[in-house]
Amino acid sequence: MSEQKYDVVATLGSYTMPDGKEKKRYQNCGVATKNEEGQIGIRLNAAPISPDWNGWLNLYPKNNTESSKPRQQQQQQKQPGQTFQGDDDIPF
């Protein structure tokens, strides 16, 4: 039995990069699976509460490669002994 997997993603507005390019801000809200009969099941892990959310959730094919993991998880896997040094810019 083969299932197709999808990321459930909300678009939460946009932001401007230092070079002037405007990019969209995304939040991964869960996972969706499609079975052989074509039925889709969705499991939500988070619900977007941003005032910039337009109410739509999008499905993107799940990619099981290393590049699809969030950056924070990749860094933790590569450097498990590294701790917070306090030199990062914290936006709050």
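Reader: Which strand gives the largest share of the nonpolar patch?
Author: Strand 3 (residues 40-44) does, with three residues. Helices (H or I, at least four residues) and strands (E, at least two) are DSSP runs, numbered from the N terminus. This is a predicted model, in which local features need pLDDT of at least 70 and side-chain atom pairs count only at pLDDT 80 or more, while totals for chains, interfaces and linings use all residues. Residues are numbered from 1 along each chain as its sequence is written, and side-chain values use heavy atoms, without hydrogens or water.

Reader: Which residues make the patch?
Author: Ile40, Ile42, Leu44, Leu57 and Leu59 make a nonpolar surface patch of about 440 Å². Its members have over 30% relative accessible area and no salt bridge, with nonpolar side chains (Val, Leu, Ile, Met, Phe, Trp, Tyr) joined within 5 Å and, in charged patches, like charges within 9 Å. A salt bridge is a Lys or Arg side-chain nitrogen within 4 Å of an Asp or Glu carboxyl oxygen. Areas are Shrake-Rupley values with a 1.4 Å probe; for residues, only the protein chains shown count as cover.

Reader: Where is Leu59, and why is it called partly exposed?
Author: Leu59 is in strand 4 (residues 58-61). It is called partly exposed because its relative accessibility is 38%; buried means under 20%, exposed over 50%, and partly exposed lies in between.

Reader: What is the strand order in the sheet?
Author: The open sheet of four strands runs 3-2-1-4, with antiparallel pairing. Strands 3 and 4 are at the edges with a single partner strand each, so one side of each has no neighbour in the sheet. From one strand to the next, the twist averages 45 degrees (between N-to-C directions, on a scale of 0 to 180 degrees, with axes fitted to C-alpha atoms, for helices over the stretch in contact).

Reader: How many bridges join strand 1 and strand 4?
Author: Strand 1 (residues 4-16) pairs with strand 4 over four bridges, in the antiparallel sense; pairing requires at least two DSSP bridges. Asp7 has Tyr60 in strand 4 as its bridge partner.

Reader: Changing topic, what does Gln27 contact?
Author: Beyond its neighbours within four places in sequence, Gln27 is in contact (heavy atoms within 4.5 Å) with residues including Val8, Ala10, Leu12 and Pro48. Gln27 belongs to strand 2 (residues 22-34) and is partly exposed at 22% relative accessible area.

Reader: And what is the order of elements overall?
Author: From the N terminus, the elements run β-β-β-β-α. Of the 92 residues, 13% count as buried.

Methods
Buried < 20%, exposed > 50% of the residue type's maximum accessible area, 1.4 Å probe, protein only.
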